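Subject: Structure handover and notes

Dear colleague,

I am passing on the structure we spoke about, together with my notes on it.

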Amino acid sequence: MIRKINRTFLSIASPRRSSPRGSLLPLGRVVPLLLSLLLLLAALPAATAERAYRHLVILGDPHIPGQYLDTKEQVIRTVNSWPDVDMVVAVGDLCEDLGTVGEYETVKHFFGRLKKPFLPIPGNHDVVYRDELNVKGRRIRGDDAAREEKRRRFREAFGQRADYHSRKMDGYLLVFLAPERPEHLAEMSYRQVAWLRSELKKHRRLPTIVFFHAPLRGTLPDYNFRVNTPNYIAQPADRIHEVLMENPQVFLWVSGHTHTVPFRDGFASPINTYGKRVTNIHNPDLNRARIWTNSLYLFPDRVVVRTYDHGKGAWLTEFERIIRPECLGEAERRRN
Ligand SMILES: [Fe+2]
């Protein structure tokens with residue numbers, strides 16, 4: 001299977017030659033011209049139309065500038081060097097801590113070096129806290145106006161028109177969600193949950209991937225005191241559960257927040273499956289000396305998840321997963 005995938009990955013665009021017939025240029029000038037053109041085409045990224053998949057690179061919580069900024073910059077250079085990347089998604093906490101105007105400026109500057117389409121979603125460190133710490137040096141969750149201001153900063157920084165939105169990509173629906181309420185660190189508003197429900201209802205036939213800062217409840221073992229507690233799961237958990245159970249086309253949930261690294265139990269394991277159907281892909285944060293990123297390869301009938309170790313400069317085959325949206329057939333059958 002891996003070999004088969006690699007063969008597909010390695011297929012590159014074969015440039016078409018145009019006929020020189022009718023050209024008034026002498027052959028001695030046409031041949032070098034064509035050779036230059038061929039070299040130029042070979043240097044271009046593999047054309048999306050000629051690939052059997054779409055490649056999404058997932059960046060876990062970047063926390064910019066934070067620690068190990070040089071290592072984070074190297075990640076950007078590496079992703080820039082991959083010729084087949086269709087989109088880079090950062091799953092929240094782009095800002096180091098509070099989401100101040102200064103932090104957003106730093107984040108914009110940092111991601112200005114990324115040469116791929118970029119679609120980040122917000123995390124609690126981007127949109128939940130006030131700009132100032134309290135007298136004890138602790139973060140304070142903002143009131144409605146403060147949180148709206150943070151979401152405005154996020155939208156403006158990345159040219160987004162809405163806090164939550166969706167788009168289609170080659171037969172898949174991609175849904176991007178955002179924390180809004182202050183009760184938990186990653187909680188959608190009821191209005192957003194209603195939007196999600198209606199969006200999914202409108203696209204029942206499209207296998208769906210959801211991106212949200214926090215993971216689904218119970219999709220990791222309790223490896224520390226935070227995991228699976230109310231602030232570290234997607235909220236409102238009960239309403240999200242209802243929506244997911246109503247919509248069997250949702251088969252992937254992509255999250256950050258828990259900073260789960262590959263050497264943790266449960267990084268890529270059967271416990272990641274929610275409600276027997278939705279696989280939660282947990283992504284390590286970037287705020288560390290050794291960085292890993294996950295890549296999602298969207299083929300028409302399956303998603304291949306691969307983990308890249310930026311320290312080693314290698315793909316970690318032991319974490320490779322193939323996830324098929326088989327539930328779709330079941331959903332279709334039930335409707336008919
Ligand atoms: Fe984080």
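Predicted model: local features only at pLDDT ≥ 70, side-chain atom pairs only at ≥ 80, totals over all residues.

The protein chain holds nine helices and 12 strands, and of its 336 residues 37% count as buried.

Helix 3

Helix 3 covers residues 69–81, which makes 13 residues, and from its first C-alpha to its last it reaches 19 Å, close to the 18 Å expected at 1.5 Å a residue. Its buried residues are Lys72, Val75, Ile76 and Val79, and because they fall within an arc of 95 degrees when seen down the helix axis, they line one face of the helix. On the other side of helix 3 one finds Asp70, Glu73, Arg77 and Ser81, which are exposed. Against what does the buried side of helix 3 pack? The partners are three strands, namely strand 1 (54–59), strand 2 (85–90) and strand 9 (292–298).

Helix 4

Helices 7 and 8

Helix 7 (residues 190–202) packs with helix 8 (residues 237–246) at an angle of about 5 degrees, the two axes being 10 Å apart. Helix 7 and helix 8 are therefore roughly parallel to each other. On the side of helix 7 the contact is made by Val193, Leu196, Arg197 and Leu200, and on the side of helix 8 by Arg239, Ile240 and Val243. Sorted by class, this contact has five nonpolar and two charged residues, with no polar residue.

Even so, once residues up to four places away in sequence are set aside, Pro117 touches Asp86, Met87 and Val88. From C-alpha to C-alpha, Pro117 is 9.8 Å from Leu56, although the two are 61 residues apart in sequence.

Glu183 lies in the loop between strand 4 (172–176) and helix 7. Is Glu183 buried or exposed? Glu183 is exposed, with 10 other C-beta atoms within 10 Å. The C-alpha atoms of Glu183 and Val128 are separated by 9.9 Å, while the two residues are 55 residues apart along the chain.

Backbone details to inspect

A cis peptide bond, with omega about 0 degrees, joins Ile64 and Pro65, and Pro65 is found in the loop between strand 1 and helix 3. A cis peptide bond also joins Gln235 and Pro236, again with omega about 0 degrees, and Pro236 has its place in the loop between strand 5 (208–211) and helix 8.

Which residues other than glycine have a positive phi? Among them is Asp93, whose phi is near 60 degrees and which lies in the loop between strand 2 and helix 4. Asp93 counts as buried, because it has 29 C-beta neighbours inside 10 Å, and 20 or more is the requirement for that class. Asn228, which is not a glycine either, has a positive phi of about 70 degrees and lies in the loop between strand 5 and helix 8. With 17 C-beta neighbours inside 10 Å, Asn228 counts as partly exposed.

Terms used
Residues numbered from 1 in each chain as written. Helix = DSSP H or I, 4+ residues; strand = E, 2+ residues; numbered from the N terminus. Expected span 1.5 Å × (residues − 1). Buried ≥ 20, exposed ≤ 12 C-beta atoms within 10 Å, placed from the backbone. Arc of directions from axis to C-beta. Contact = placed C-beta atoms within 7 Å. Axes fitted to C-alpha atoms, helices over the stretch in contact; angles between N-to-C directions. Parallel < 35°, antiparallel > 145°, perpendicular 65-115°, else oblique. Nonpolar A, V, L, I, M, F, W, Y, C, P; charged D, E, K, R; others polar.
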